[in-house]
Amino acid sequence: MTDRKPSITALIFVGAVATLARPAPLSAQIDPCKLLTREQVATVLPNHDGGSVAHAGPALIPGVSAYQCSYVDKEFNLLTVILNVAVDDKRFAEIRPGSIVTDEQQVAVADGGWVRGDPSDMKLTAVKGRTVIDLELMAPGAGGKIAALVALANAVAEKL
């Protein structure tokens, strides 16, 4: 048996393959403000600012990443888009939405969705795989924009 040492080229190749095989951190994979187009957001919040990333990275729960984009208009009306992404089923069990509350209405979004709120503050929560999608629209007339919020949530879910 000979005592062979790997060449530097072999070591570089193995290192490169190991790097390519390792998935990028979730925070590098999702830009929450690029999940919706300017036109899509304008269906619920006309004349918005284009959005700004409020968070993209680890959440307080290990194994969960959180992403938030906030859109504001000149009257300080707000649309927030929040994603919480679990790396496995155990972590997802910690962020999965609870049982349906009586004031929630089921909506057709991804693997399941619910909407609740009042005329000026509507919240939509949906699930797609191990991701919880939350949209909140705080604006006059928000209660009349449920169909548009459902369309936005479906657009987000399609990109995941």
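Biologist: What does α5 lie across in this model, and at what angle does α5 run to β7?

Modeller: In this predicted model, α5 lies across β3, β4, β5 (113–118), β6 and β7, and its direction makes an angle of about 145 degrees with that of β7. The strands belong to an open sheet of seven, in the order β1-β2-β3-β7-β6-β5-β4, with antiparallel pairing.

Biologist: What makes β1 and β4 edge strands?

Modeller: Each of them, β1 (52–58) and β4 (105–107), pairs on one side only. Across the sheet, neighbouring strands are turned by 15 degrees against each other on average, direction ignored.

Biologist: How do you know that β2 and β3 pair?

Modeller: Two strands count as paired if there are at least two bridges between them, and β2 and β3 have nine, in the antiparallel sense.

Biologist: What does leucine 79 touch, leaving aside residues up to four places away in sequence?

Modeller: Leucine 79 touches Val41, Val44, Leu45, Cys69, Ser70, Tyr71, Glu136, Leu137, Leu149 and Leu152.

Biologist: Why is the contact between aspartate 89 and arginine 130 called a salt bridge?

Modeller: The cut-off is a side-chain nitrogen of Lys or Arg within 4 Å of a carboxyl oxygen of Asp or Glu, and here the N to O distance is 2.9 Å, so the pair qualifies.

Biologist: Why is aspartate 89 called exposed, while arginine 130 is called partly exposed?

Modeller: Exposed requires over 50% relative accessible area, and buried requires under 20%. Aspartate 89, at 54%, therefore counts as exposed, whereas arginine 130, at 35%, falls in between and is therefore partly exposed.

Biologist: How do you know that arginine 91 and aspartate 88 form a salt bridge, and are these residues buried, exposed or partly exposed?

Modeller: Their closest N and O atoms are 2.5 Å apart, and because the limit is 4 Å, the pair meets the criterion. Arginine 91 has a relative accessible area of 25% and aspartate 88 one of 24%, so both residues are partly exposed.

Biologist: What makes the lysine 123 and aspartate 121 pair a salt bridge, and why is aspartate 121 called buried?

Modeller: The N to O distance is 3.7 Å, which is within 4 Å, so this pair also counts. Aspartate 121 has 16% relative accessibility, under the 20% limit, and is therefore buried, whereas lysine 123, at 29%, is partly exposed. Salt bridges that share partners join Asp121, Lys123 and Glu136 into one network.

Definitions and conventions. Residues are numbered from 1 along each chain as its sequence is written. This is a predicted model: local features need pLDDT of at least 70, side-chain atom pairs count only at pLDDT 80 or more; totals for chains, interfaces and linings use all residues. Side-chain values use heavy atoms; hydrogens and water are left out. Contact means heavy atoms within 4.5 Å. Helices (H or I, at least four residues) and strands (E, at least two) are DSSP runs, numbered from the N terminus. Axes are lines fitted to C-alpha atoms, for helices over the stretch in contact, and angles run from 0 to 180 degrees between N-to-C directions. Buried means under 20% relative accessible area, exposed over 50%, partly exposed in between (1.4 Å probe, protein chains only).
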